[in-house]
Amino acid sequence: MTIYNHKLTDKIINSGTRYPDLFHKMPADVSCYLDHFNLPYNDAFYEGGYVKIGENNIFLQTFSPQDYSKTAFLFHGYFDHSGYFGNVISLLVKLNIRVVLWDQPGYGLSEGARGFCNSFEEYVAVAEAIIEKFEETSNTTNFLIGHSA
């Protein structure tokens with residue numbers, strides 16, 4: 001059994017080939033990450049991978065119930081990451097709402113200087129790019145949920 005720790009975070013971040021603007025699957029080690037943060041990947045169709053936005057490969061995840069008509073975009077604040085949304089994701093999936101979330105640059109499994117934010121405008125630009133990508137391919141009612149301590 002693999003235990004989730006910072007070395008595993010580095011391994012996941014550095015694994016696989018990076019392709020600009022292409023969402024691709026995570027390696028098998030990601031199950032340790034999902035289990036550690038109690039993310040409900042067995043309750044919905046799970047996809048996780050990277051998408052190139054600006055200078056960084058951004059870690060992006062989706063949790064899609066079978067028949068959803070709404071999408072919630074979750075974004076974290078400063079010194080946080082998407083792993084802490086486990087309870088929120090579980091509730092939204094039970095309500096038949098698809099969840100899209102990501103780690104901001106430098107946090108969680110996204111690339112970038114660890115714990116560093118160039119500007120909050122960068123966070124907004126990442127959010128806009130991700131939401132735009134999903135709006136182009138989806139016909140759902142969308143809403144945003146953000147949190148910062």
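Two strands count as paired when DSSP finds at least two bridges between them. With that in hand, here are some close-ups of this predicted model.

**View 1. The five-stranded sheet.** The 5 strands make an open sheet with mixed pairing, and their order is E1-E2-E4-E3-E5. Strand E1 (45–53) and strand E5 (141–147) each have a single partner strand, so they stand at the edges with one side left without a neighbour in the sheet. On average, neighbouring strands are turned by 20° against each other, direction ignored. Helix H3 (residues 86–94) packs on this sheet and touches E2, strand E3 (70–76), strand E4 (97–102) and E5. The direction of H3 makes about 155° with that of E4.

**View 2. The E1–E2 hairpin.** Begin at the turn: E1 and E2 form a hairpin with 2 residues between them, and Gly54 in that turn has a positive phi of about 65°. From there, E1 runs antiparallel to strand E2 (residues 56–64), and the two pair over 9 bridges. Lys52 has Asn57 in E2 as its bridge partner, and Tyr50 has Phe59 in E2.

View 3. Is E2 mostly covered or mostly open? Mostly covered: 9 of its 9 residues are buried. The burial applies to both faces, with Asn56, Ile58, Leu60, Thr62 and Ser64 on one side, and Asn57, Phe59, Gln61 and Phe63 on the other. E2 also pairs with E4, in the antiparallel sense and over 4 bridges. In this pairing, Thr62 stands opposite Val100 in E4.

**View 4. The nonpolar cores.** The largest nonpolar core has 20 residues. Which of them have the most contacts inside this core? They are Tyr33, Phe63, Leu74, Ile89 and Val99. At least two residues of the core come from each of helix H2 (30–36), E1, E2, E3, H3 and E4. Setting aside neighbours within four places in sequence, Val99 is in contact with Gln61, Thr62, Phe63, Ala72, Leu74, Ile89, Leu92 and Val93. Another core, of 12 residues, lies apart from the largest one; Val51, Ile58, Trp102 and Ile131 are among its residues.

View 5. Searching the whole structure turns up 7 aromatic pairs. A pair of aromatic rings is described by how far apart the centres are and by the angle of the planes. For Tyr107 and Tyr123, the ring centres are 6.5 Å apart and the planes lie at 80°, so this pair is edge-to-face. The pair links distant parts of the chain: Tyr107 sits in the loop between E4 and helix H4 (120–137), while Tyr123 is in helix H4, 16 residues apart. Both tyrosines are buried because their relative accessible areas, 5% for Tyr107 and 7% for Tyr123, fall under 20%. Phe120 and Tyr123 also have edge-to-face rings, with centres 5.4 Å apart and planes at 85°. These two residues both lie in helix H4, 3 residues apart, or about one turn of the helix.

Notes: Residues are numbered from 1 along each chain as its sequence is written. This is a predicted model: local features need pLDDT of at least 70, side-chain atom pairs count only at pLDDT 80 or more; totals for chains, interfaces and linings use all residues. Side-chain values use heavy atoms; hydrogens and water are left out. Axes are lines fitted to C-alpha atoms, for helices over the stretch in contact, and angles run from 0 to 180 degrees between N-to-C directions. Contact means heavy atoms within 4.5 Å. Rings of Phe, Tyr and Trp (its six-membered ring) pair if their centres lie within 6.5 Å; planes under 30 degrees apart count as stacked, over 60 as edge-to-face and the rest as tilted. Buried means under 20% relative accessible area, exposed over 50%, partly exposed in between (1.4 Å probe, protein chains only). A nonpolar core is a set of buried Ala, Val, Leu, Ile, Met, Phe, Trp, Tyr and Cys residues joined through side-chain atoms within 4.5 Å.
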